[in-house]
Amino acid sequence: MEEQSRLKADIWVKALIRQLDSDCITAVVVRSGDPRAGAVYLKTNDLGGSCRVYSRSYGREGKRVWSPATGDTPVPEDQADDYIRRQVKFDPDCWVIEIEDTAGRFDVTALI
């Protein structure tokens, strides 16, 4: 199989924000990282106190893989924020995108 081409992080983030906007899902860049290759964390927030954090990595043959960084079930927002703070300390070049997902429409598996 052919390796999936890797977009620069800032271009990928801009495309994500635009796609979510067209789907009427609010998303904001909470932290801008390295424009070329920064790690990306997605925080989904149901605005009721529960969140999920997803981290991006690359699996076999260069394919993007999204993993639930805070576990398979939603966590309280302060726990999600603590996780993100630890990641920023470890990697100050990372990106953090917060997605308001009150209707549960965001599907991380649909991301490129």
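**A guided reading of the predicted fold**

The protein exposes about 6,900 Å², of which carbon and sulfur atoms supply 49%; accessible areas come from the Shrake-Rupley method with a 1.4 Å probe, and for residues only the protein chains shown count as cover. The structure is a predicted model, in which local features need pLDDT of at least 70 and side-chain atom pairs count only at pLDDT 80 or more, whereas totals for chains, interfaces and linings use all residues. Residues are numbered from 1 along each chain as its sequence is written, and side-chain values use heavy atoms, with hydrogens and water left out.

The overall dimensions come next. The C-alpha trace of the protein spans about 40 × 35 × 25 Å along its principal axes. A compact globule of 112 residues would have a radius of gyration near 13 Å, and the 14 Å of the protein agrees with this; the radius is taken over C-alpha atoms, and the globule rule is 2.2 Å times the number of residues to the power 0.38. Of the 112 residues, 36% count as buried, where buried means under 20% relative accessible area, exposed over 50%, and partly exposed in between, with a 1.4 Å probe and protein chains only. Among the contacts in the protein with a separation of 6 or more, 69% are accounted for by residues 24 or more positions apart; a contact means heavy atoms within 4.5 Å.

The protein contains two helices and six strands. These are DSSP runs numbered from the N terminus, with helices being H or I of at least four residues and strands being E of at least two. Along the sequence they follow the pattern α-β-β-β-β-β-α-β.

Helix 1 comprises the 14 residues 9–22, which at 1.5 Å a residue should span 20 Å; its end C-alpha atoms are 20 Å apart, in agreement with that value. The expected span of a helix is 1.5 Å times one less than its number of residues. Its buried residues are Ala9, Asp10, Trp12, Val13, Leu16 and Leu20. They cover an arc of only 160° around the axis, which puts them on the same side of helix 1; the arc is that of the directions from the helix axis to the C-beta atoms. An α-helix has 3.6 residues a turn, so residues three or four places apart point the same way. On the other side of helix 1, Lys14, Arg18, Asp21 and Ser22 are exposed. The buried residues of helix 1 pack against strand 1 (27–31), strand 2 (40–45), strand 3 (50–58), strand 4 (64–68) and strand 6 (95–100).

After helix 1 comes Cys24, which lies in the loop between helix 1 and strand 1. Cys24 has a positive phi of about 60° although it is not a glycine. With 67% relative accessibility, Cys24 counts as exposed.

The pairing of the strands can be followed from strand 3. Two strands pair if DSSP finds at least two bridges between them. Strand 2 and strand 3 run antiparallel and are joined by five bridges, with Leu42 opposite Tyr54 in strand 3. These two strands form a hairpin with four residues between them, and Leu47 in the turn has a positive phi of about 60°. Leu47 is not a glycine.

Strand 3 also pairs with strand 4, in the antiparallel sense and over five bridges. Here Tyr54 stands opposite Pro68, and Tyr58 stands opposite Arg64. Five residues separate strand 3 and strand 4 in their hairpin, where Glu61 in the turn has a positive phi of about 60°. Strand 3 and strand 5 (residues 75–76) pair in the antiparallel sense over two bridges, and Cys51 stands opposite Val75 in strand 5.

Helix 2 (residues 77–90) has 14 residues and reaches 20 Å from its first C-alpha to its last, close to the 20 Å expected at 1.5 Å a residue. Ala80, Tyr83, Ile84 and Gln87 are the buried residues of helix 2. They cover an arc of only 95° around the axis, which puts them on the same side of helix 2. The face turned away from this buried side carries the exposed residues Asp78 and Lys89. The buried residues of helix 2 pack against strand 2, strand 3, strand 5 and strand 6.
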